Amino acid sequence: MRRTLTMAVAAAALLLTTGPMPVAGAGGAAHAAVGRWSAREAQSFWTAERMASAVPLPPAHPAPPGTEPVTGPADGPDPAAAAAPADGVRTEPSEVPLPAVPPAPDPTAADPAAPPVLPAPAPTPSPTATPAPNPTPAATAAQVVKPVVKPAPAPPAFAGPGVGQDFDGVPAVGRMFVVKGGGAYFCTASVVASPGHNLVLSAAHCLTGSDTQRVAFVPHYTRANPQPYGMFPVLQSGGHSRIWIDPRYRSRGPDRAATLDVAFAQVGPGRDGFAVEDVVGANRLLTRSGYAHAQVTLIGYPAAAARPRLCVNRTTKFTSADARIPGSFQRIDCTGYPGGTSGGPFLLHYDARTGTGDVVGVIGGWKTGGDNADTSYSSYFGASVRKLYEKAAAAAKAG
């Protein structure tokens with residue numbers, strides 16, 4: 001579904017009047033607003049009222065005529081999937097362990113590199129608070145306690161494959177709020193396990209553009225409880241937001257580079273000083289796992305909905321027949337995923353107790369996620385996504 005606004009007048013009502021807006025920088029990057037952008041500043045700007053009034057991002061351009069979905073080759077066992085290890089973690093010649101130092105070998109080399117060692121998701125904290133491992137200098141371990149991750153809410157009763165239902169959400173998935181052109185918007189994002197415990201994953205089309213400013217991630221957002229775990233600002237460095245998007249996506253655009261519609265962002269700690277992964281846990285990145293999966297859980301934040309949406313269904317491979325939007329994508333039929341759900345994770349091996357799983361895709365890609373609310377797409381998580389993650393994870397860990 002190409003994630004469009006259902007009411008064109010909605011954006012006009014969202015002009016922000018809380019001080020000077022950021023200034024666009026050269027090279028397609030966004031300059032930061034004057035002053036710091038910390039959790040305190042983010043919470044002051046993104047009030048409950050402003051978050052509730054935010055709308056999904058408008059499309060980059062109208063859907064071109066004659067680009068309706070065309071069924072690709074028959075969905076059979078993916079050739080790469082047949083060689084998957086028993087644990088489901090797939091390796092590629094281009095992948096190297098993190099934080100390994102040697103450069104990635106040539107993807108065309110016949111001898112693949114050793115399997116990457118992906119960071120495991122942060123373990124779910126015990127029900128009792130535990131001392132913070134690294135308290136701030138101004139506090140002692142006795143004064144600072146690590147936030148407790150509440151168990152994930154029970155999922156709604158299973159209504160059948162492909163039937164989306166609103167539910168109370170999970171800690172590791174939330175809304176990503178952004179300012180673009182004077183309007184307040186949101187997409188869906190999720191925490192991905194990383195060495196620095198500070199990376200979130202979304203769709204590139206949600207975070208690209210020189211006017212993308214005041215970006216903040218709010219895990220487990222609902223209108224009734226807009227900040228159950230606080231707010232985590234996307235950090236800035238050298239006047240630019242710390243967001244990693246494949247350069248080819250920026251240069252070619254959302255259609256020609258639809259297979260690269262993936263973004264990672266580094267978020268700073270919440271107001272209590274803890275990293276986001278330590279607070280809410282994280283999903284594990286899984287690349288080159290194949291297109292077809294028997295059971296994938298899809299989570300997203302629909303436009304105008306007070307709560308997120310959950311759906312379980314199989315995924316299949318879709319190959320575009322439109323030369324303007326080339327490539328193959330992961331496809332899932334799930335009802336009720338309109339604008340706002342862009343960036344929502346495709347989760348394999350979902351654990352309802354922790355609310356986490358292996359993330360194998362995000363809503364985006366073909367027509368920035370699709371052109372109707374009941375079928376969603378994702379760029380394939382292969383070598384390019386792995387390289388982008390490694391770059392983001394190494395940089396975010398360094399500082």
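This is a predicted model: local features need pLDDT of at least 70, side-chain atom pairs count only at pLDDT 80 or more; totals for chains, interfaces and linings use all residues.

Select Trp-366 to begin: with a relative accessible area of 1%, this residue is buried, a term that stands for under 20% relative accessible area, computed with a 1.4 Å probe on protein chains only.

Residues are numbered from 1 along each chain as its sequence is written, and side-chain values use heavy atoms, with hydrogens and water left out.

Now widen the view to the aromatic pairs, of which the structure holds 11; rings of Phe, Tyr and Trp (its six-membered ring) pair if their centres lie within 6.5 Å, and planes under 30 degrees apart count as stacked, over 60 as edge-to-face and the rest as tilted. Trp-366 and Tyr-377 form a tilted pair, because their ring centres are 5.1 Å apart and their planes lie at 45°.

Next, select Trp-37 and Phe-45, both of them buried; their planes stand at 70° with the ring centres 6.3 Å apart, so this pair is edge-to-face.

Finally, show Arg-50, whose charged end sits over the ring of Phe-45, 4.3 Å from its centre, and Arg-175, whose charged end sits over the ring of Phe-186, 3.6 Å from its centre; here "over" requires NZ of Lys or CZ of Arg within 6 Å of the ring centre and within 35 degrees of the ring normal.

Notes: Buried means under 20% relative accessible area, exposed over 50%, partly exposed in between (1.4 Å probe, protein chains only).
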